[in-house]
Amino acid sequence: MSILVVGSVAFDTLTTPSGQKNKILGGAATHFSLAASFFTDVRVVGVVGKDFLPEHEAVMTKKGIDTSGIEHADGLSFHWTGSYEGTMGEAKTLGTDLNVFGSFDPKIPGSYKDSDYLFLANIDPVLQLRVRQALPDVKMVAGDTMNYWIADHRASLDRVLAEEDILIINDGEARLLTGEHNLVTAAKKVMAMGPKSLVIKHGEYGATAFFSDRSFEDGESSLVPFRAPALPIETVVDPTGAGDSFAGGFYGYIASQPKLTPRVFRTALFYGGVMGSFAVERFGTERLENTTREEIDERFGLFRQISHLDLDAA
């Protein structure tokens, strides 16, 4: 099964306690696609500038990712500058240069029209909806958003949420989206907006999945929330791509399975955690570029061990 991801392919300039890096490869679609590529076929729609060189594109193509949907525009690529301090739980934005991404108009190649799964990374909900409507026959739609779109573009976001099967956001975004502090109450409100299931990320503390009676096919039900812990990581160098890598591992595993069941969903949460844990260990995409499937399976085993996980439990 194939996933089409639409989002940013960018450069990041970062300062963390581990050092400083200038214009390294980043972007939501980049991290997502690299993580998902270990599980299934991935296609990318994005836009880059003349500073995006063949060596940058090769980071994705070497993993078998189809980059023919990346538009090369006249100008510079999206460039984000940020810093992390202390626990590195939140980045401080020092600069955002949208460049060619500011006029991004997603174009879906004809060869992408048979994609099975769609992931709408964190972009303008108007664009997310346009892409969703251009691919009416996909098997499943998952998406992401952020505080800016929730606070200032709510009407457009609501239209996208009505079209999504799974929404992946963090604690603060869930609270802002619903006005509820309690995450159980917030989850119910989010799913009433459209998504059949909700995944709330808790950063270094893992993620929680919430389900509705629409989450699974064939009458299967798993309405009890499921919490997947995060694996304690000794060295955290750069958290920038952790959330997108989590989404890539999570959704990539789902796309690799014949159908979505409670067991598949629970397993996917752990694979999301695995990929997020690799992403933070180096700057940018470096760790994901050099990760092996054997390392992924080994770390998945560690997750199961520390959580005493029985994936077949009801």
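Predicted model: local features only at pLDDT ≥ 70, side-chain atom pairs only at ≥ 80, totals over all residues.
## Burial, aromatic pairs and a helix crossing

User: Nice, on to the rings. How many aromatic pairs are there?
Analyst: Rings pair if their centres lie within 6.5 Å. By this rule the count is 18 aromatic pairs.

User: Is the pair of Phe101 and Phe104 stacked or edge-to-face?
Analyst: The two ring centres of Phe101 and Phe104 are 5.4 Å apart, with 20° between the planes. Both partners are buried, Phe101 at a relative accessible area of 13% and Phe104 at 7%. Planes under 30 degrees apart count as stacked, so the pair of Phe101 and Phe104 is stacked.

User: And which kind of pair do Phe216 and Phe265 make?
Analyst: Their ring centres are 6.2 Å apart and their planes stand at 85°. Planes over 60 degrees apart count as edge-to-face, so the pair of Phe216 and Phe265 is edge-to-face.

User: How many residues apart in sequence are the parts that Phe216 and Phe265 tie together?
Analyst: Phe216 lies in the loop between β12 (207–211) and β13 (226–228), while Phe265 belongs to helix α9 (residues 262–279). Phe216 is buried at 8% relative accessibility, and Phe265 is buried with a relative accessible area of 0%. The pair therefore ties together parts separated in sequence by 49 residues.

User: Which residues form one aromatic cluster with Phe216 and Phe265?
Analyst: Phe216 and Phe265 belong to one aromatic cluster.

User: Which ring does the charged end of Arg266 sit over?
Analyst: A charge over a ring has to be within 6 Å of the ring centre. The charged end of Arg266 is 5.9 Å from the centre of the ring in question, that of Phe226.

User: Last one: at roughly what angle do the axes of α6 and α7 cross?
Analyst: Asp171, Ala174, Arg175, Leu177 and Thr178 in α6 meet Leu183, Ala186, Lys189 and Val190 in α7. By class, this contact has 5 nonpolar, 1 polar and 3 charged residues. The crossing is left-handed. The axes of α6 (residues 171–178) and α7 (residues 183–192) come within 9 Å, and they cross at roughly 60°.

Notes. Residues numbered from 1 in each chain as written. Heavy atoms only, no water. Axes fitted to C-alpha atoms, helices over the stretch in contact; angles between N-to-C directions. Helix = DSSP H or I, 4+ residues; strand = E, 2+ residues; numbered from the N terminus. Left-handed = near helix turned anticlockwise from the far one by under 90°. Contact = heavy atoms within 4.5 Å. Nonpolar A, V, L, I, M, F, W, Y, C, P; charged D, E, K, R; others polar. Phe/Tyr/Trp six-rings, centres within 6.5 Å; stacked < 30°, edge-to-face > 60°. Buried < 20%, exposed > 50% of the residue type's maximum accessible area, 1.4 Å probe, protein only. Lys NZ or Arg CZ within 6 Å of the ring centre and 35° of its normal.
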